[in-house]
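Student: Could you take me through this structure, feature by feature, and show me how each one is read?

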Amino acid sequence: MEKMSRVTTALGGSALTGRTMHCHLDAPANAISVCRDAAQVVVAGRSIFKIYAIEEEQFVEKLNLRVGRKPSLNLSCADVVWHQMDENLLATAATNGVVVTWNLGRPSRNKQDQLFTEHKRTVNKVCFHPTEAHVLLSGSQDGFMKCFDLRRKDSVSTFSGEALGGQSESVRDVQFSIRDYFTFASTFENGNVQLWDIRRPDRCERMFTAHNGPVFCCDWHPEDRGWLATGGRDKMVKVWDMTTHRAKEVHCVQTIASVARVKWRPECRHHLATCSMMVDHNIYVWDVRRPFVPAAMFEEHRDVTTGIAWRHPHDPSFLLSGSKDSTLCQHLFRDASQPVERANPEGLCYGLFGDLAFAAKESLVATESGRKPYTGDRRHPIFFKRKLDPAEPFAGLASSALSVFEMEPGTGSMSWFVDTAERYALAGRPLAELCDHNAKVARELGRNQVAQTWTMLRIIYCSPGLVPATNLNHSVGKGSSCGLPLMNSFNLKDMAPGLGSETRLDRSKGDTRSDTVLLDSSATLITNEDNEETEGSDVPADYLLGDVEGEEDELYLLDPEHAHSEEPEYVLPQEAFPLRHEIVDTPPGPEHLQDKADSPHVSGSEADAASLVPMDSSFSLISVSHALYDSRLPPDFFSALVCDMLRFYAEQGDVQMAVSVLIVLGERVRKDIDEQTQEHWYTSYIDLLQRFCLWNVSNQVVKLSTSRAISCLNQASTTLHVNCSHCKRPMSSRGWVCDRCHRCASMCAVCHHVVKGLFVWPRYGPGAPVAVAEEERCTVERRADLSYAEFMQHYAFSRPVILQGLTDNSRFRVLCSRERLLASFGDSVVRLSTANTYSYRKVDLPFQEYVEQMLHPQDPLSMGNDTLYFFGDNNFTEWASLFRHYSPPPFGLLGTTPAYSFGIAGAGSGVPFHWHGPGFSEVIYGRKRWFLYPPEKTPEFHPNKTTLAWLRDTYPALAPSARPLECTIQAGEVLYFPDRWWHATLNLDTSVFISTFLS
Amino acid sequence: MAEGENEVRWDGLCSRDSTTRETALENIRQIILRKTECLRLVKETPYRPSDGLSNAISLDVLNKLLAHLLMLSKRCPFEDVREKSEFILKSVQELGIRIPRPLGHGPSRFIPEKEILQVGSEDAQMHTLFADSFAALGRLDNITLVMVFHPQYLESFLKTQHYLLQMDGPLPLHYRHYIGIMAAARHQCSYLVNLHVNDFLHVGGDPKWLNGLENAPQKLQNLGELNKVLAHRPWLITKEHIEKIHQVQRDTSPQNLYIQQVSDSFFEVEALMEKMRQLQECRDEEEASQEEMASRFEIEKRESMFVFSSDDEEATPARDVSRHFEDTSYGYKDFSRHGMHVPTFRVQDYCWEDHGYSLVNRLYPDVGQLIDEKFHIAYNLTYNTMAMHKDVDTSMLRRAIWNYIHCMFGIRYDDYDYGEINQLLDRSFKVYIKTVVCTPEKVTKRMYDSFWRQFKHSEKVHVNLLLIEARMQAELLYALRAITRYMT
């Protein structure tokens, strides 16, 4: 060790001296503890239990406590603690569950004092009371904590970590509070932390969930009475303020491995030391206010560190540690390595609209003359200068300067990109149409060169003579000096020299704003600043990036208003990809290309064809006509040229064009461009799309790509992560029960049952968002393949039944999709009824209006008679074209004729209790919940209140015997309700349904 | 014949949307009818010698399709698919083509078919599981059908399985299935080998690899040794094993991930395979007799307590399975009896919760969480019943079983009194446990029936879940410890 230094600290009389040193132990250590005189340390492990004296130059073995011939498991220590009041008193926790105390004052060789064998499983932790001489606390794997009075033979009290009704959870750590005489904290394998009063073993004072997964350790702050640091398997160290009513997380440090031990550093209010249980062997000292880079790091150990202890409770410079690598170390803070020194404070990031933020070491930037650090007149504070703390000798080392280079206003607009991405058609139609469409899109956006390119592609690859003359003229006739989008036209004049040669790309007319911000080491500010700069450039531009507004534009009249008025003609599939598709590694190419795919492979030998169409700015001079293009010339003839063109576009930064053409042309050019380049284009384009939140387009691109590496991007299924609403933990196993707190995460606002599905309503009206659940238990029979005889015998006159699989209305369902219905019946007037029991107010409304305006979720507060509902009153002549596709349940009743009633209603709507003749009700889309009472049992309800209100107000109070029969019928199921049965309905989703009344 | 047109696409059936399913089914129906029609025409037209071969081939193709349909008609969670499949089969039969019949076994050899839940009579939770499984795999395998006794576990199991075998990960999909094949073959489980072979081919694996391990890439061959040790004597894994694999892969990039994934997915599969093993035993008749022999042998051997030695075992594995691994004679040996001294593995020094989990999660994100959850569910699963008794605390029994298995692998809990095991587990149960855990291929119905006669099948399945999870944890602990040592 080269940089060993000696430190002497005066601590009120006694002086601590020492250097960084280590000593070899015979066996791996599990824990260490320091004597209060700061001159001795005890090391305990599976097969070691020794006391070492800490001398100035070395550790000297003082006492071996493992005596006796045969090693007993009682000596296999998981933990050891030295009493801070009594230099002779030690306690160990054995892996077999025994708690042993040791009295060094005993005259014999065997110092063992007492043996407590009360725990059934390994004892993980022992802890002496900080001021009371005889009180010892233990925490065990068996889920119990025990408090021992050393003057007695058995434990005084037992605390159970059992969660409410659950199984007991293993205790990982117990720590007496340093300030509150009666308080101790315990941590558990399930992530909880409990606070106990030593006098109240019946229940804990407080419990909260601190970590995801086991909490391995905790430590009370030596000065701040309310602060508790916890470390967990989730790699976090959290600092909790326990003085408030609810434990409040005040700091959180993210480490790189599970946290095995945590110890506050003496005399440094914000420092704590941690070590890990796996993988990472170093000891870190963190400033909790600066959670990303450790303040100091000790790298001496070769295996995981198992125990750490500050040598003296008032000296911040000596740290002792024991490790699995069988060494005991004393670390001097002065010798610690400081990751900050090695940190690379340079960073560079592009904003979405082309802004560039660049951070570099302050020293680097400051050397440049004539530049002043940005002093800040912003809304947000740019600076915060931390006052230097003597304990933080390195503070300020990592300060860096941030420069932000902004796009000139206007050039930054990327709306052309978004528009193009959204409107381009990439597949699903013949090539010619795709090219035409895309050319049109580009033209409408004023990107004439791109438009021209599309038109040329069409001419090249599609049989001649089909190009509409107008189209051709427009696109080709337009000459252009039209530059390709230049994406990097911002001013870089303030670039720090450290980055490279000074680049000047000063094409701009406007002023460039360039700021250098002097930042203190806090990194968080950078984001702030960055955001703000980005916002500033978010001004919509009148003209589109890169397309030079030129006189020539007048040749080609383009009305920007009209350009956008046209709806895009293609429709993206409703789902970006099939709900669950079989994962195939090699997806087929776009299907529409298959017909052309048999064209022979083009080799690069025809590259001389390039001379036909020069790809430079003289482009505009060529007037393309049919004559130029001899129809005998195979399309492959141009392949090399087209590939060059794609590369050209990509190099110019218009990767969108490159990818779009690549997809549209498919096999025709794919082989001529190497896989890697393609992949590169695809990833760049997808990345761009995603930054603009164009998820659907990006997904379409992924899907259409033929590159393996790309198409696998959407082979990962979508995952929905749900967190528990109580403890905020992810609910991994099931969506509705939290494993940790054993509670159901979301309860139905109305019926107080568990919500298992995902029907959360967006907020529409004044009511709060609510979720409605299906019933807890369906009490209506479900029957598949019911015969008519059985139906008549068991159900027709006696009870409701749900019929499955009797009819197949999938065709009808297709016709009932929102689009189809709107297309066919959008203009027909429908008659709406109020959703109450007795009186019916009727309102007539065009169907389209109803669907668009009234199908929103029911406001739980509104009255039934204010809620309009489309059900029945159907105009059969108008709707007959639809109804004839419906096959009703095949069971008729003698003397009755079936009549249809068709309806659509929003989630939460429904008809309150009422009765009429028998009938069937089938759900086509959505789900409908039913409540049924036999005719003799008139339910309790308010005729003008909605079913939703009834469910919320009345239902929960019903005695089990007074509950209705209930069920939720899904799409495709049919409910039969007998004559005069009371029933109320509630649409759980926006539902389409049809009833067949037998009357 | 244009291949594309007659290519049967089954994936539409996995959709949750009944219309999509219907379209897919209709498509399949038409293709099958076309094929049937073709065959009939060929039959009716006078003898044409050149057609003999292609005829046989297309008949073969058709038979495969029909077999798949038969499977669907019995084992699809969606009622419409079941019905329609049956309908198609019927209509093919009416055209005079012989249709396949089910072999008559349920999903398990040990549990009478009628005791097992019938597809179609499941409750909502089970149905969701079935639908998930079907959507992900395109089938409901025996394992799922047996494990649905314990839906909570099944859910976790399927999730882990799905994540390991189908989600994004460091290994290509076909590698994963190949590893699955290797692992399953180690225990001669032909059912599982077949499943993985199918999946392997489905994701584009090279059929040549299936001819034997020597045809697979070097990387996979290197796993052979590890696979062998892990399957039978995990306590012999050392950091050298890991090193060996690692070295070869050094050039291939993020190496650690590889090892990990590798080890992982095959533990996983191994677990699965055992499940298979005990729960449903292969359906093949031929192999049965062989197993029967072995089992009689075992029963005699039982005299000497539950100590059996695989050295005496004569039965060599069926050829088609054995080609996936080398060194067929390598099997389980008692931890305590084999010659060289292997130090006891102490849980207090290296355990799943503290160490294994962190390592797995570090090497293969999220997998640690999934496996952890699965262990928890398996270990804590209880209905507080035992046979006909209710409100029983079964934790002691579960712990005894768990620790007994770990004990067989040389893993020791300092805080456990191993005397409890002898009091709680009787001999026939121990025999069963040991067979299942160490040589699952030798489990017989007799063994299955002879322990815990009073208990329900679901409880026995529960026990099996406990066994395989305990075993999997044991293997993982050894392997992960080796990786840890390698890394330090």
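Predicted model: local features only at pLDDT ≥ 70, side-chain atom pairs only at ≥ 80, totals over all residues.

Student: What is the secondary structure of chain A, and what is that of chain B?

Tutor: Chain A has 20 helices and 46 strands, whereas chain B has 21 helices and 4 strands. Of the 999 residues of chain A, 55% count as buried, and for the 488 residues of chain B the share is 58%.

Student: How many of the contacts in each chain join residues that are at least 24 apart in sequence?

Tutor: Taking contacts between residues at least 6 apart in sequence, 73% of those in chain B join residues at least 24 apart. In chain A, residues 24 or more positions apart account for 63% of the contacts with a separation of 6 or more.

Student: How is a pair of aromatic rings described?

Tutor: Such a pair is described by the distance of the ring centres and the angle of the planes. Over all chains, this structure holds 53 aromatic pairs. In one of them, the rings of Tyr424(A) and Trp454(A) have centres 5.4 Å apart and planes at 80°, and because an angle over 60 degrees counts as edge-to-face, the pair is given that name. Tyr424(A) belongs to the loop between helix H3 (415-423) and helix H4 (431-444) of chain A, while Trp454(A) belongs to helix H5 (residues 448-461) of chain A, so that the pair links distant parts of the chain, 30 residues apart. Both Tyr424(A) and Trp454(A) are buried.

Student: Which parts of chain A does the pair of Phe791(A) and Tyr976(A) tie together?

Tutor: That pair is edge-to-face as well, at 4.8 Å centre to centre with 80° between the planes. Phe791(A) lies in helix H15 (residues 788-795) and Tyr976(A) in strand E44 (residues 974-977), both of chain A, so the pair ties together parts that are 185 residues apart in sequence. Phe791(A) and Tyr976(A) are both buried.

Student: Which residues do ring pairs link into a cluster?

Tutor: The cluster consists of Phe812(A), Phe825(A), Phe847(A), Trp879(A), Phe883(A), Tyr886(A), Tyr900(A) and Phe902(A), linked through ring pairs.

Student: Where does the charged end of Arg265(A) sit?

Tutor: The charged end of Arg265(A) sits over the ring of Phe333(A), 3.4 Å from the ring centre. In chain B, Arg21(B) lies over the face of Phe78(B), at 3.8 Å from the ring centre.

Student: What shows where empty space is left?

Tutor: Rolling a probe the size of a water molecule over the atoms shows this. Here the count comes to 13 cavities of 30 Å³ or more, and the largest cavity has a volume of about 180 Å³. It is lined by 15 residues, of which Thr385(B), Thr394(B), Trp452(B), Glu459(B) and His462(B) are the closest to its centre. Strand E2 (385-386), helix H17 (395-408) and helix H21 (457-487) of chain B each supply at least two residues of this lining, and the largest share, 4 residues, comes from H21(B). By type, the lining of the largest cavity divides into 8 nonpolar, 5 polar and 2 charged residues.

Student: Where is the place of Arg66(A)?

Tutor: Arg66(A) is in the loop between strand E7 (59-64) and strand E8 (77-82) of chain A. With a relative accessible area of 21%, Arg66(A) is partly exposed. Arg66(A) and Arg109(A) are 43 residues apart in sequence and 9.6 Å apart in space, C-alpha to C-alpha.

Notes:
Residues numbered from 1 in each chain as written. Chains lettered and ligands numbered in written order. Heavy atoms only, no water. Phe/Tyr/Trp six-rings, centres within 6.5 Å; stacked < 30°, edge-to-face > 60°. Buried < 20%, exposed > 50% of the residue type's maximum accessible area, 1.4 Å probe, protein only. Lys NZ or Arg CZ within 6 Å of the ring centre and 35° of its normal. 1 Å grid on protein atoms, 1.4 Å probe; cavity = no way out; pocket = protein on both sides within 12 Å on 5 of 7 lines; lining within 4 Å. Points joined across faces, edges and corners; volume = space filled by probe spheres on them. Nonpolar A, V, L, I, M, F, W, Y, C, P; charged D, E, K, R; others polar. Contact = heavy atoms within 4.5 Å.
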